[in-house]
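Here is a short briefing on how parts of this chain pack together. Look over the model first, then read on.

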Amino acid sequence: MLNFIKSLSRSQKRNIMLFIDAMLVPIALFFSFSLHASGEAFAMMLAYLPILPYLLIIGGALSVLMGISTIQLNAYETGAIGLTGAFAAALVIVSYLLTTAARIPITIPTHIIFGISFFIFSIISRAVLLQIVLAIYRRSSLRCRVLIYGAGTTGTQLVSALRSHEHIEPVAFVDDSKALHGLIVARLPVYSPVRIAEIAAEKRIDRVLLALPSLSLPKQAQISRRLQKMGLEVQALPSFAQLVGEEALVDKLTDVEPKLFLNRDEVATETGASAIASYQGKTVLISGAGGSIGSELCRQVMQCGPAKMVLFELSEVALYKVDMELRQIAEDTDIEIVPVLGTVTDARQVRGVLSDHNVQVVLHAAAYKHVPLVESNPLTGLANNVLGTHTLATEAAKTNVERFILISSDKAVRPTNVMGASKRLAELVVQDLASRVPAGDAPIYTMVRFGNVLGSSGSVVPLFQEQLRRGGPVTVTHPEVSRYFMTAQEAVHLVLRAGAMAKGGEVFVLDMGKPVHIEKLARQVIESAGYTVRDAKHPDGDIEIEFIGLRPGEKMTEELTLTGNLIGTTHRKIFSADEVALSEIEIASALRALRAALASNDEQAAREVALRWVEGYSISPHGQLADATQFTPV
């Protein structure tokens, strides 16, 4: 039956409605005759038969002209009912004219009763047909039974819209308002949210629809998570006013730019002529090209007009993304883009890439940087960050690279974690190689040290924003913890400037302003999204800030230098740190011991290498290492 209904064309459906309306005419006539002159109903009907065909023809024409037969059953509302009333009135007039012309003795009241009867029967027939069709759909297809959370305006409008849906059946409401519990709204019962699990089982609920557009997104997310834990599928919808554009459809279309949380003026990023000259027309290799810093290095180096850019990246997905982006930017230029999928720890591959492409400048950004992950995987972190740097820097000297610039971190200063220790060992490796290059010869080895990058992969602002989307809480390690922050654009601009001014062996340190308290940053992120902080003073706020404790390897504050001695350069935001390096023999001993620890898979021996050779390194006392994915990266 359902297939038959679906197979009907529009014209066939119109003809069916015309036939029904035609059948209603004699029925309404007989009914009106019965009411007005019950004893003479049959006699009057027989007298009327000669003009009945004319009434049917004229009525059919009026139905087509007025569009009565084309109105869908599920759209038969006030306007359509009014149109049907006008159609009935027109039939009364036609009927009166025909009976007058044929001199049939039917009074005006009988005509009026006929019109009213026809109007009522038309409405009833369509209502009955709609229920029959809906019943056929319900019996012939699987229906999604939905529970609507929110019995307000949006919820009731949603029920009205879903009443005639062939695949969705609204079953009941739940609402937080106690005044509505036990009532019937839009012909559906309203229950308390505490009974959702019971209702879902009893009424075989397939999905819960959140009809709470006025509720803040975090609170909607909290409700959604609670329902999903019950095994229910949850969907939220905006209000009907939002859908038609009378209200904002969403609170925020995009996240606030991380640079707005700097709490200082952004560093000007106009690349100077001297910096451009250091990269213009050169072949530049960027290791870790798909990362946050690496990809920004690619963008800014491209603005300097290199001849070729070699994108060296371990992650296939990251390499694909940055390669596609840069190719679009380079369409109208002569810059050659070369994607290379590989690791800096593979000496054979590194040597081949450097020599095959005649690389002149190396920007080494490839590193494992997430403190908890490297803390729980020390061998992998040390192998990549230390031995990878040694491999790339050593092969650079063998293939006549002109400049080698290491991207370092403030966590390398008196580190309390393996990641910071690995970055300091990488600096020591580069310092050692720089000390063995005669003045004026290539390659020029240098390194640039800076703090956290706002908006980078896994950094604190994107994490806070993701926690906001989940409804909170926003997690901070400690109320007093603070960090230095810079945008990727600022950091990369200063890296390129420092690399251009390098003479060899410098440890450049970027001026990152004053450290920012993470709790303050969390409050800014919450408030910038239009929400309020929930705390003891504001128990009705949207988002709570939860302090989870310092992680293993984490410090309260970071430092940028070991000695505190900074030497100014030609750029006001770039300084050179006066720091002691290890000798060639000491570096060789450290690398030998590290390789031995890796060969024997001995994590403790690897940590002891860092403890021995990295000044100020101490293992953090902050408890046992937990699940790294639960930590706030700062």
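Contact means heavy atoms within 4.5 Å. Helices are DSSP runs of H or I with at least four residues, numbered from the N terminus. This is a predicted model: local features need pLDDT of at least 70, side-chain atom pairs count only at pLDDT 80 or more, and totals for chains, interfaces and linings use all residues. Residues are numbered from 1 along each chain as its sequence is written, and side-chain values use heavy atoms, with hydrogens and water left out.

**Helices α12 and α13**
- Ser295, Cys298, Arg299 and Met302 of α12 meet Val322, Glu325, Leu326 and Ile329 of α13.
- α12 spans residues 292-303 and α13 residues 316-329; their axes (lines fitted to C-alpha atoms over the stretch in contact, with angles from 0 to 180 degrees between N-to-C directions) come within 11 Å and cross at roughly 15°.
- α12 is therefore roughly parallel to α13 (angles under 35 degrees count as roughly parallel, over 145 as roughly antiparallel, 65 to 115 as roughly perpendicular and the rest as oblique).

**Helices α16 and α21**
- α16 (residues 378-398) and α21 (residues 584-599) pack at about 140°, with axes 11 Å apart.
- The two helices are therefore oblique to each other.
- Residues making the contact include Leu379 and His390 of α16 and Leu591 and Arg595 of α21.

**Nonpolar core**
- A nonpolar core is a set of buried Ala, Val, Leu, Ile, Met, Phe, Trp, Tyr and Cys residues joined through side-chain atoms within 4.5 Å; buried means under 20% relative accessible area, exposed over 50%, partly exposed in between (1.4 Å probe, protein chains only).
- The largest core has 93 residues, and Phe404 and Phe450 are among those that touch the most other members.
- Helix α17 (residues 418-435) gives the most to this core, with ten residues.
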